[in-house]
Amino acid sequence: MDRECVSLLPGVCEVLADSGSSLPDDTSLEKLLDWFSGLTEAGGSLLEDCPCLLEFISTVVHNTASDPGVLSFTLRLTGLMASTEDGFKKLQERSVLNQVFHLQHWQEAELWEDPCLRIGWIQGLRSMLQHPKALGFFVQSDFIDPLLQLQTDTSLFVASAANQLLAHILLFFQPVSSLGCNGVDEKEEGRTPTSAEYTAAVTAISEYLKVSLVPKKYTKLRQSLQILKLLALLLAQAGPPLWDKLLQTVADSLEELVTAGCSQLTLPLMDVILAACSSSGADERVPDQRVGRLLSSMLNANKPADLIHAAAAFLRRGHHDIVHTTRAVRILLLPLHIVTGQTLLGTNTTADEHQSSVVEQLKCKTSCIPIICVCLTNTPRITLSPPGVLPCPPDLIVTAVLSLLRICSGVSSSSTGCSEVCRNVIGSGKVQKCALEALTALNSSPGAKQKISEVFTVLMQYLDNPESDPTVLHKSFQALVKWTSVSTDLSFATDQLRRDLGEVVKKRACDMRWEVRDSTVEFLGHLAGVRVSAATAEEACDASAALLGGCCTTPLLKEALQDTESYVRASAIAALAKTRTHGWQQGAALSQEETEIVSRLLEILSQDTEGFPRRAVVQYFISWFSSRPSSASPPASSASLLKQCVRSVLSQGSADLDWEVKVHTLELAELLLDEAFSGHRGYRKGSDAHGALQHPYGVVSEQTYALHTHSKGAESYLADAVKLGVISALFSGLVDCDRPVGLRACRLLMTLRDAVCPDATAAVAAVSCELPGWGWGQEIRKTLGMKRSDIAAEGGIRGADEGGDGASVRVCEALRSLGLDERLDVLTQSSDHIHNSPLSLLQDILTASAAHTHPDTQPGQEVIVDCY
């Protein structure tokens, strides 16, 4: 422990023991405890390193006027000190534990009513219960009964902490053999208590769970909910002996709860049952008979809503019990079967005893919509069920979802479904959104390809419907993209469908709602990223060309660059990058229209007032640069334009006010460095933040196309990097006020330094970079000026007088002299590494105490403490 901290700690203890009212902020005690916890976890002894803590604890415990927060802190601190067997023994010898955790003392002092004290008592015991001796103390002190009473404390925080402590006692102190069944090292020693102590705790807790599970009045369910939550945790993690004991004790109570049919307990009950199915105490292929009975009862509940939720919970867990899985699937398909009239359950459904009750439930709109949504959410999972589970072909489920979408939009009504139920879902935005999400996920289901034409017809109706809200339209566009990838040849797409799609896209691109315009623009970009084979062509093309003919995509996106909403402008730029990705990869020449778009993007980077479009522009050029072919030379005009653009983007992007724009600019600089020095010995490609660079606008080639021939020397690569503005961008980023920018620039400069400086030839050493006389250039000059004496003899800086307009600095010398390693150490530290320290915390407490004790010593001056 720091010597200065040790010297300040007695004074801090005195302040806290006095009243605790002079703390600089309400988290000071938590920070102190965090510090002590860190020391303990590192193997330190608080009793040996901080002997003043014992006197502090004794003083606080006997002072009933102490602040409740300080009392709670003291209880938790004592538990922490007793968390090791050595600390526990020393505190026991001094009778400290009996004083601190003696319940009657706090009750007689009328302090137990404060939840702050109760939670301190629980958390103190939780910290202490890390070894068998602590459990012996806990049991012998008769703390089990009070802890059980706290499970239903009026304070939810206290009840939750008590809940966690019970779980800790049962699971942490399991016999080592049962821990081994859960994958824990069976050789672990020193953790198993005597059998009598642990058995006493298990028996008392199990009986409490049994009695408390079923409330006397079903209107008071908070206790049952809390116990079920605890039981699910225990059964999921318990080894066989504990698992058997718990289930044997509570099985009857669980059956009583299941029979009672309380809807609020359906999901918590399923959590308990499924935890029991999944645990080591039961083989999920051959479930324990008690668990199997409970599960069967839940999947035969009388209330339709409970039945649906239970089936959905079972299916989410992915169990392989064929009997119950088949039952859950039929339950979840039943509402769709009723609403749409599709024969999802087969032709003979009279045997389904729940059909009439589910129909009645669906006739009520308030319960109909939630039930339908639960069923829709599970349809993708249902279609992937193992053979023998599904009562109908998977593609019929797709048909049912499409029928439901038609009913919701009012386009058609089910001729065989229940008309009263159909009326409840017409116009329901919630059902429409759930159905569209389900439809999107169903594109990978078996037999989906045969339904693609029908899917497109329904989605086109939704996109053309003037009553569709923005979210519904967005999800319709998403579904359309997903289903486009189902058919590789788009042979289903008629000329009429293409015309209709073109018209609806044009209409939505001009919608008054910016969210709709944004979704439309995003759709065009995503569609361009899907590769398909047109029905009349042999070569693959993007889906936007196949479906829209390419006639409206680019003009609409160009128009969107002028949109009044910045999100739309940014989405348009992203979509344009996706439409060009394939052309970039093929090394295609740029058309006049594409050249005009590039000019417009550079204008946006320099003039747009919003950050989103500017970020998108930089990412566009990252995509362009990354997507070039790895072989064959691009057209000279294209390469020349890209080179000019890169120089401009680096210049403008590194001077941007938005830190994310600057970070993206450094990503581009990194790509340029990787390309330039890819053949140079000693160059490590990419920084740790780079790895495999991902960006949202295009496909990154696995290989980077090199503009330079590798016969050129390192000086040529370095000179080119200077000429393109890469070095200036890195120097600018190094001194940037935003830490992510500085950190990335620093790492890239270190990578460059390590590659070119160790064996720099005279030609490499002579490569220079111009620094502006203001802004970042001035900062770099100041940094280098501090080392002027070291490099002046070698002529590292020329024309760098403080009053000059600029300076020319030799790159290698600058890389050696900027103190990059030291700067990286500072940048990688958190921003509070200086002020958020134990020493600073102790000083703050003492400073605040002095100000509280002598408020008028410095009138008119506020005592300032560290904020962290």
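Trainee: Start with Glu-660. What is its relative accessible area?

Mentor: Glu-660 has a relative accessible area of 27%, so it is partly exposed. On this scale buried means under 20% relative accessible area, exposed means over 50%, and partly exposed is in between, using a 1.4 Å probe and protein chains only.

Trainee: Before we go on, what kind of model is this?

Mentor: This is a predicted model, where local features need pLDDT of at least 70 and side-chain atom pairs count only at pLDDT 80 or more, while totals for chains, interfaces and linings use all residues. Residues are numbered from 1 along each chain as its sequence is written, and side-chain values use heavy atoms, with hydrogens and water left out.

Trainee: Back to Glu-660. Which side chain does it meet in a salt bridge?

Mentor: Glu-660 meets Arg-615, at 3.4 Å from N to O. A salt bridge here is a side-chain nitrogen of Lys or Arg within 4 Å of a carboxyl oxygen of Asp or Glu. The pair links distant parts of the chain, 45 residues apart: Glu-660 is in helix H36 (residues 659-676) and Arg-615 in helix H34 (residues 611-627). Helices (H or I, at least four residues) and strands (E, at least two) are DSSP runs, numbered from the N terminus.

Trainee: And Arg-615, buried or exposed?

Mentor: Arg-615 is buried, with a relative accessible area of 18%.

Trainee: What else does Arg-615 touch?

Mentor: Leaving out residues up to four places away in sequence, Arg-615 touches Asp-658, Val-661 and His-664 as well as Glu-660. Contact means heavy atoms within 4.5 Å.

Trainee: How many salt bridges are in the whole structure?

Mentor: The search finds 33. One of them joins the side chains of Arg-406 and Glu-454, at 3.5 Å from N to O. Those two also come from distant parts of the chain, 48 residues apart, with Arg-406 in helix H23 (residues 394-409) and Glu-454 in helix H26 (residues 452-464). Arg-406 is buried at 19% relative accessible area, whereas Glu-454 is partly exposed at 23%.

Trainee: Give me another. Which residue forms a salt bridge with Lys-433?

Mentor: Asp-469 does, with the closest N and O atoms 4.0 Å apart. Lys-433 is partly exposed, at 26% relative accessible area. Asp-469 is partly exposed too, at 27% relative accessibility.

Trainee: Which residues are linked in a network of salt bridges?

Mentor: Glu-48, Asp-86 and Lys-90 are linked that way.

Trainee: Switching to aromatics. How many aromatic pairs does the structure hold?

Mentor: The structure holds 16. Among them, Trp-112 and Trp-121 form an edge-to-face pair, 5.5 Å centre to centre with 85° between the planes. Rings of Phe, Tyr and Trp (its six-membered ring) pair if their centres lie within 6.5 Å; planes under 30 degrees apart count as stacked, over 60 as edge-to-face and the rest as tilted.

Trainee: Are those two Trp side chains buried or exposed?

Mentor: Trp-112 is buried at 11% relative accessible area, and Trp-121 is buried at 0%. The rings of Phe-172 and Phe-173 are also edge-to-face, because their planes are at 85°, with the centres 5.0 Å apart. Phe-172 and Phe-173 are both buried.

Trainee: Which rings are linked into a cluster?

Mentor: Ring pairs join Phe-88, Trp-112, Trp-121, Phe-137, Phe-138 and Phe-143.

Trainee: Now helix packing. At what angle do the axes of H1 and H4 cross?

Mentor: Roughly 5°, with the axes of H1 (residues 3-18) and H4 (residues 52-62) coming within 10 Å. Axes are lines fitted to C-alpha atoms, for helices over the stretch in contact, and angles run from 0 to 180 degrees between N-to-C directions. H1 and H4 are therefore roughly parallel. Angles under 35 degrees count as roughly parallel, over 145 as roughly antiparallel, 65 to 115 as roughly perpendicular and the rest as oblique.

Trainee: Which residues of H1 and H4 meet?

Mentor: Leu-9, Pro-10, Cys-13, Leu-16 and Ala-17 of H1 meet Cys-52, Leu-53, Phe-56, Thr-59 and Val-60 of H4.
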